[in-house]
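Student: I have a model open and want to learn how to read its features. Can we go through them one at a time?

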Amino acid sequence: MRRTTTSLALAATALLLAGCGSQSGTDGGSAGKASPPASSAPGTGGCAPLVQLKAADNGRTVCVAKGGEVRLALDGTKSRPWKPVMASGTALKGINAGFVILPGQASAAYQAVARGTEKLTSSRPLCAQPTAPGQVSCKGIQEWTVTVNVK
């Protein structure tokens, strides 16, 4: 009886340990297209030193280590351009994001300068605007928001 109980306990422990490092890579709200989470460095409190975001990351909450960076690139088009990314709060400080290559794209980069929570937001039209008189107009807006926790 003791041998069976010990064997079951060892098997259960092995199964639990095997599942500890797995992640699905999706957040449920982005149809499986969210970028994979960045790995965290030792001493960063479990937060990544670099977080890279894209349009598919809408609705996510990410954690970046203080002193780390958040970089994002939202791919848009000339007819459906992203508005410049807005940051609310004091946890992130804007840094040089580099060049935007195509019309309609929005890119931004931030350094995590203080502990706290900050929201990054942008938006763009749901459909292209009419180019000729008499065409149907679309007034819908696609919102993009990511919450960044700095620890």
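Tutor: Start with Asp-57, which sits in the loop between strand S1 (48–54) and strand S2 (61–74). Strands are DSSP runs of E, at least two residues, and helices are runs of H or I, at least four; both are numbered from the N terminus. This is a predicted model: local features need pLDDT of at least 70, side-chain atom pairs count only at pLDDT 80 or more, and totals for chains, interfaces and linings use all residues. Residues are numbered from 1 along each chain as its sequence is written, and side-chain values use heavy atoms, with hydrogens and water left out.

Student: Is Asp-57 buried or exposed?

Tutor: Buried means under 20% relative accessible area, exposed over 50%, partly exposed in between (1.4 Å probe, protein chains only). Asp-57 has 0% relative accessibility, so it counts as buried.

Student: Which backbone atom does the side chain of Asp-57 reach?

Tutor: A polar contact is a pair of N or O atoms within 3.5 Å; within protein, one must be able to donate a hydrogen and the other to accept it, and residues adjacent in sequence count only if both atoms are side-chain atoms. Here the Asp-57 side chain reaches the backbone nitrogen of Lys-54 at 2.8 Å.

Student: How many salt bridges are there in the whole structure?

Tutor: Side chains of opposite charge can pair when their charged atoms come close. The criterion is a side-chain nitrogen of Lys or Arg within 4 Å of a carboxyl oxygen of Asp or Glu. The search finds 2. Arg-60 pairs with Asp-57, the closest N and O atoms being 3.2 Å apart. Arg-60 is at 15% relative accessibility, so it counts as buried. Glu-69 and Arg-71 also form a salt bridge, at 3.0 Å, N to O. Glu-69, at 26% relative accessibility, counts as partly exposed. Arg-71 is partly exposed, with a relative accessible area of 27%.

Student: Where is Leu-102?

Tutor: Leu-102 is in the loop between strand S4 (92–95) and strand S5 (106–112). Leu-102 is partly exposed, at 49% relative accessible area.
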